[in-house]
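Subject: Structure handover

Hello,

Here is the structure I promised to pass on. Please open it alongside this note; my findings follow below.

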Amino acid sequence: MFSPADREHMAEALRLAEMGLFTTTPNPRVGCVIVRDGEAVGTGWHEKAGGPHAEIMALRAAGERARGATAYVSLEPCSHHGLTPPCVDALIEAGIARVVAAMQDPNSRVAGSGFARLRTAGIRVESGLMRNEAHALNIGFVARMSRGRPWVRMKIAASLDGRTALANGRSQWITGPEARRDGHAWRARACAVLTGIGTVRDDDPQLNVREVETTRQPLKVVVDSRLQLPLSAKLLQSGKVLVAGAADDKPGIAALRAQGAEVVVLPNARGKVELTELMHELARRAINEVHVEAGYKLNGSLLAAGLVDELLLYLAPSILGDSAIAMFGLPELTDLAHKRLVQFTDVQTLGNDLRILARVVN
């Protein structure tokens, strides 16, 4: 169905889409290549919400050469009015003859209607080329649109025996500079970085992106049931902060708001933050990817609630022993049939450390 040339042009569209890895949120990352007579005559990518979409940028570059050409785009062209006009109208007006898309847009406002309008206009439409690569690039957007909550990626730095800190709480630095720099790149692509009050008390983290260049800082989210976040915490000094509590403590809420933080109260029956509702709340705020950097208690709670999609593990060549703190606070298992399964998707070395990406299966 698709030729080697088709694959080459779509690969370029995906490479362009990846240029928006840190900047497009809450929109998807999209790239477009317009080809006429085997030659790329226009390319573009979506940089940020409110700015021109990839198709518009590519059409501008192509000009009149777009007439009769093929447009390779990593996501179905939009068919609705948002912050910008529909891309399908621009493609039709430009005289594009064929559109090849990597995947259908999961947004219910599009979801095939873009393809339908193009076909109605007499444009040949094909979809599915390099779908898996396009899906991976926008995995958070797809998750939010299809299930109503973000993609949750949990980052953990640990010793070879799975320990994240000494018994006294000290954890800086278990892994080396290469792993820490890589961790900041994953922070940068996320829409939000989530931690718990225990981590704030122990480490007083900034939770911002420092090791890689970015024009956008993710939202900082703190799970703090009793609203005990110190007003002197470093993470309150810059950027947007959302505190999720379980207590309707009006003085505490007022004090945090005076520091510029936003507070949502989401209690469950046990007086803790209802984590599933927190994820739905983040989706309502157009958060696509959540990057978790928390302690073993919150890690365990998120995993037990079925809210963790992916693990980003950095394992150092060291052993800390049984007295050190584990990755997850989970109840004891008495039957191996109840073990939680993961699927390794990528393993590589960074400096002296090992990085493992794994999808949570159950």
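Start with Glu12: its relative accessibility is 26%, so Glu12 counts as partly exposed. The classes are buried for under 20% relative accessible area, exposed for over 50%, and partly exposed in between, with a 1.4 Å probe and protein chains only.

Before more detail, two notes on the source. This is a predicted model, in which local features need pLDDT of at least 70 and side-chain atom pairs count only at pLDDT 80 or more, while totals for chains, interfaces and linings use all residues. Residues are numbered from 1 along each chain as its sequence is written, and side-chain values use heavy atoms, leaving out hydrogens and water.

Salt bridges

Glu12 pairs with Arg15 in a salt bridge, with 2.7 Å between the closest N and O atoms. A salt bridge here is a side-chain nitrogen of Lys or Arg within 4 Å of a carboxyl oxygen of Asp or Glu. Both residues sit in helix H1, 3 residues apart, about one turn of the helix. Helices (H or I, at least four residues) and strands (E, at least two) are DSSP runs, numbered from the N terminus. Arg15 is partly exposed, at 43% relative accessibility.

The structure holds 21 salt bridges. Another one joins Arg117 and Asp89, at 2.3 Å from N to O. This pair links distant parts of the chain: Arg117 is in helix H4 and Asp89 in helix H3, 28 residues apart. Arg117 is partly exposed at 33%. Asp89 is partly exposed at 30%.

Asp322 and Arg163 also meet in a salt bridge, at 3.9 Å from N to O. They lie 159 residues apart: Asp322 is in the loop between strand S13 (310-316) and strand S14 (325-326), and Arg163 is in strand S7 (residues 163-165). Arg163 is buried, at 17%.

There is also a network. Salt bridges with shared partners join Arg29, Arg153, Arg189, Glu289, Glu310 and Arg359.

Nonpolar cores

The largest nonpolar core has 44 residues. Such a core is a set of buried Ala, Val, Leu, Ile, Met, Phe, Trp, Tyr and Cys residues joined through side-chain atoms within 4.5 Å. Met10, Ile34, Ile96 and Val99 have the most contacts inside this core. Elements that give two or more residues to it include helix H1 (4-18), strand S1 (31-36) and helix H2 (54-62). H1 gives the most, with 5 residues.

What does Met10 touch, leaving aside neighbours within four places in sequence? Its contacts (heavy atoms within 4.5 Å) include Tyr72, Val100 and Leu129. A second, separate core has 35 residues, among them Met154, Val223, Met279 and Leu303.

Helix H4

Gly114, Phe115 and Leu118 are the buried residues of H4. They lie on the same side of H4, because they cover an arc of only 100 degrees around the axis. That arc is taken from the directions from the helix axis to the C-beta atoms. Their cover includes H3, S4 and strand S5 (124-127). Gly122 follows H4 and has a positive phi, near 90 degrees.

Surface

Val342, Phe344 and Val347 form a nonpolar patch on the surface, together with about 280 Å² of accessible area. Patches are made of residues with over 30% relative accessible area and no salt bridge; like charges are joined within 9 Å, and nonpolar side chains (Val, Leu, Ile, Met, Phe, Trp, Tyr) within 5 Å. Areas come from the Shrake-Rupley method with a 1.4 Å probe; for residues, only the protein chains shown count as cover. Val347 lies in strand S15 (residues 342-350).

Best wishes
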